[in-house]
Amino acid sequence: MRSSSLCLLLLTGLLLPALSACRYAYVPLIPKPVEVTLPARVTAATLTRDGNTLLLRTRMEGRFEPGYLRVTWFNGPQELGQDSVYLDAAQREATFRLPAPERGAYRALLSFGDTVLRQVELYEVQP
């Protein structure tokens with residue numbers, strides 16, 4: 001009985017280095033935090049009529065480099081004009097106005113840099 005225990009102990013001693021090679025060499029106890037950077041986005045945009053003027057109010061969220069938020073105005077397929085406002089971390093809201101005495105199918109296309117962010121529509125007539 002004593003020799004079988006000794007054999008088992010000897011076999012375990014010989015296999016122990018081989019078994020330790022099967023373990024992971026490195027397992028982090030606390031994983032590194034994931035860094036997420038969301039692109040700039042328009043979180044609020046409303047296009048309304050105020051008398052003979054179209055009023056577009058918008059707000060930007062997220063991390064972005066200071067730059068110009070541009071709006072391109074359309075009535076149906078016809079481009080009416082463009083306007084822009086400089087935005088940075090302190091100034092994230094913009095208001096745009098367009099004289100529009102007649103009713104129409106108006107659209108405002110918002111872009112920041114080279115990226116189109118949102119289109120806002122106000123259909124007073126069928127497009």
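I listed the contacts of Thr-72 beyond its neighbours within four places in sequence, and found Glu-79, Gly-81, Gln-82, Arg-107, Ala-108 and Leu-109. The model I am reading is predicted. I then placed Thr-72 in strand β3, residues 67-75. Is Thr-72 buried or exposed? I noted a relative accessible area of 7%, so Thr-72 is buried, the cut-off being under 20%.

Next I looked at the chain as a whole. I counted one helix and seven strands in the protein chain. From the N terminus on, I read the order of the elements as α-β-β-β-β-β-β-β. The chain has 127 residues, of which 28% count as buried. I took contacts between residues at least 6 apart in sequence and found that 51% of them join residues at least 24 apart. For the accessible surface I have about 9,700 Å², with 57% belonging to carbon and sulfur atoms.

I turned to the nonpolar core. Which residues touch the most other members of the largest one? Among its 22 residues, I found these to be Leu-56, Trp-73 and Leu-110. I went through the strands and noted that β1, β2 (53-61), β3, β5 (93-99), β6 (105-112) and β7 (115-123) each supply at least two residues of this core. I recorded β6 as the source of the largest share, four residues. As a general remark, nonpolar side chains tend to be buried together in soluble globular proteins.

I listed the contacts of Trp-73 in the same way, not counting residues up to four places away in sequence. The list includes Leu-47, Leu-54, Leu-56, Phe-96 and Leu-98, and also Gln-78, Glu-79, Arg-97 and Arg-107.

I followed β6 to its partner. β6 and β7 pair in the antiparallel sense, and I counted eight bridges. Opposite Ser-111 I found Val-116 in β7. The hairpin of these strands has two residues between them, and I noted a positive phi near 70° at Gly-113.

Last, I checked the surface for nonpolar patches. I noted one of about 340 Å², made by Val-34, Val-36 and Leu-38. Where is Val-36 found? I placed Val-36 in the loop between α1 (2-20) and β1 (41-50).

Note on methods. Residues are numbered from 1 along each chain as its sequence is written. This is a predicted model: local features need pLDDT of at least 70, side-chain atom pairs count only at pLDDT 80 or more; totals for chains, interfaces and linings use all residues. Side-chain values use heavy atoms; hydrogens and water are left out. Patches are made of residues with over 30% relative accessible area and no salt bridge: like charges are joined within 9 Å, nonpolar side chains (Val, Leu, Ile, Met, Phe, Trp, Tyr) within 5 Å. Accessible areas come from the Shrake-Rupley method with a 1.4 Å probe; for residues, only the protein chains shown count as cover. A salt bridge is a side-chain nitrogen of Lys or Arg within 4 Å of a carboxyl oxygen of Asp or Glu. Buried means under 20% relative accessible area, exposed over 50%, partly exposed in between (1.4 Å probe, protein chains only). Contact means heavy atoms within 4.5 Å. A nonpolar core is a set of buried Ala, Val, Leu, Ile, Met, Phe, Trp, Tyr and Cys residues joined through side-chain atoms within 4.5 Å. Two strands pair if DSSP finds at least two bridges between them.
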